[in-house]
Amino acid sequence: MELKAARHLWGFARDWETGFADFASLGYEGIDAVLPVSEKEALFRDLLERHGFFYIAQIGTVGQTLQEHLDSFRAQVERAVTFEPLLINAHSGRDAFSAAESREFFREALQIQADCGVPVVHETHRSRVLYNPWITRDLLREFPEMKLCCDFSHWINVCERLIHDQVEIIRL
């Protein structure tokens, strides 16, 4: 296993040019951030290259329907791939999906990501399909090839308790 240090841009309010230079001087090797808005895309690409940073692309599906979330997932994955990211971290679907919709989302999403050539992980996150341990467990059993980015703080928040009694799910 190789440890790589990436700096997230979540909550970062300074200008990128100064920030990226500071991150490089602090020893960061990569940037973890949402896809840049189109007006800043050229600058973002330039700064990644200038500082030799790898990129972890953050995407979040949008919409009200299953199909809108799938279309959003596909479009964002296709755009993220153009950055040649180390991986794509997806906030996937919505917590209001039925069990059948959640299964259909991941059945399609896993095919989309298999075709994209970049590893994709799905984050355990509030307001998303993987918002609680038990739904996540059931989906992992059905889709063992699915990879996760585990932010267990969201499960603790949703469950309104510590989840130390869910070790079997955490191991899964």
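Visitor: At what angle do helix H3 and helix H4 pack?

Guide: Keep in mind that this is a predicted model. H3 covers residues 66-81 and H4 covers residues 99-116, and their axes sit 10 Å apart. The packing angle is about 20°.

Visitor: So are H3 and H4 roughly parallel or roughly antiparallel?

Guide: Their angle is about 20°, and angles under 35 degrees count as roughly parallel. H3 also passes H4 in a right-handed crossing. H3 and H4 are therefore roughly parallel.

Visitor: How many charged residues does the contact of H3 with H4 have?

Guide: On the H3 side you'll find Arg-74, among others, and on the H4 side Glu-101, Glu-104 and Glu-108 are included. The class count for this contact is nine nonpolar and two polar, and the charged residues come to four.

Visitor: What about H1 and H2, how are they set relative to each other?

Guide: H1 is residues 16-25 and H2 is residues 41-51. Their axes come within 10 Å and cross at roughly 20°. That puts H1 relative to H2 as roughly parallel.

Visitor: Which residues are closest to the centre of the largest pocket?

Guide: That pocket holds about 520 Å³ of space. Strands E2, E3 and E4 each supply at least two residues of its lining. Of the 21 lining residues, the closest to the centre are His-8, Trp-10, Asp-32, Val-34 and Gln-58.

Methods. Residues numbered from 1 in each chain as written. Predicted model: local features only at pLDDT ≥ 70, side-chain atom pairs only at ≥ 80, totals over all residues. Heavy atoms only, no water. Axes fitted to C-alpha atoms, helices over the stretch in contact; angles between N-to-C directions. Helix = DSSP H or I, 4+ residues; strand = E, 2+ residues; numbered from the N terminus. Parallel < 35°, antiparallel > 145°, perpendicular 65-115°, else oblique. Left-handed = near helix turned anticlockwise from the far one by under 90°. Contact = heavy atoms within 4.5 Å. Nonpolar A, V, L, I, M, F, W, Y, C, P; charged D, E, K, R; others polar. 1 Å grid on protein atoms, 1.4 Å probe; cavity = no way out; pocket = protein on both sides within 12 Å on 5 of 7 lines; lining within 4 Å. Points joined across faces, edges and corners; volume = space filled by probe spheres on them.
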